[in-house]
Amino acid sequence: DLEDYLLGICNLPSELTRVAQNSVTSGNFSVPGEVQTFVSNLFEGLRQLNLKNDLLRRRFDSVKYEVKRIEEIVYDIAIRGL
């Protein structure tokens, strides 16, 4: 149903954060920027929904933290000039 779909969408950013971290480890420094753009757009789309379900709201909150984590990865890459 729709709730299960949204829960799956809310889990996606944590997996993409892992992809961004692993790509930096393997020397591919362009992936985190792409992941940041996608996850930020996803977050903006989810923000427009009125999430009242407790579990769904908590998962949405976790998306906010994943956006921050990805931003930190991209920032570290920029600071180091990689």
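Visitor: How far apart are the mean positions of the positive and negative charges here?
Guide: First, the counting: Lys and Arg count as positive, Asp and Glu as negative, while His and the chain ends are left out. Each charge is placed at NZ of Lys, CZ of Arg, CG of Asp or CD of Glu. In this protein the mean positions of the 10 positive and 12 negative charges lie 5 Å apart. Keep in mind that this is a predicted model, where local features need pLDDT of at least 70, side-chain atom pairs count only at pLDDT 80 or more, and totals for chains, interfaces and linings use all residues. Residues are numbered from 1 along each chain as its sequence is written, and side-chain values use heavy atoms, with hydrogens and water left out.

Visitor: Okay, and what is the overall fold made of, in helices and strands?
Guide: Helices are DSSP runs of H or I with at least four residues, strands are runs of E with at least two, and both are numbered from the N terminus. Here you get 3 helices and 0 strands, so the pattern along the sequence reads α-α-α. Along the principal axes, the C-alpha atoms fill a box of roughly 40 × 20 × 15 Å.

Visitor: What share of the residues is buried?
Guide: Buried means under 20% relative accessible area, exposed means over 50%, and partly exposed is in between, using a 1.4 Å probe and protein chains only. By that cut-off, 30% of the 82 residues are buried. As for the accessible surface, it comes from the Shrake-Rupley method with a 1.4 Å probe; for residues, only the protein chains shown count as cover. The total is about 5400 Å², with 51% belonging to carbon and sulfur atoms.

Visitor: Which share of the contacts joins residues at least 24 apart?
Guide: Contact means heavy atoms within 4.5 Å. Take the contacts between residues at least 6 apart in sequence: 73% of them join residues at least 24 apart.

Visitor: Now the charged pairs. How many salt bridges does a search of the whole structure find?
Guide: The general idea is that side chains of opposite charge can pair when their charged atoms come close. The cut-off for a salt bridge is a side-chain nitrogen of Lys or Arg within 4 Å of a carboxyl oxygen of Asp or Glu. The search turns up 6 of them.

Visitor: Where do R58 and D54 sit relative to each other?
Guide: They are 4 residues apart in helix α3 (residues 54-80), so about one helical turn separates them. R58 is partly exposed at 48% relative accessibility, whereas D54 is exposed at 52%.

Visitor: What about D61, which residue does it form a salt bridge with?
Guide: With K64, the closest N and O atoms being 3.5 Å apart. Both lie in helix α3, 3 residues apart, about one turn of the helix. D61 has a relative accessible area of 22% and is partly exposed; K64 is partly exposed too, at 34%. There's also a network of salt bridges linking R57, D61 and K64.

Visitor: Is E66 buried or exposed?
Guide: Buried, at 10% relative accessibility. Its salt-bridge partner is R69, with the closest N and O atoms 3.3 Å apart.
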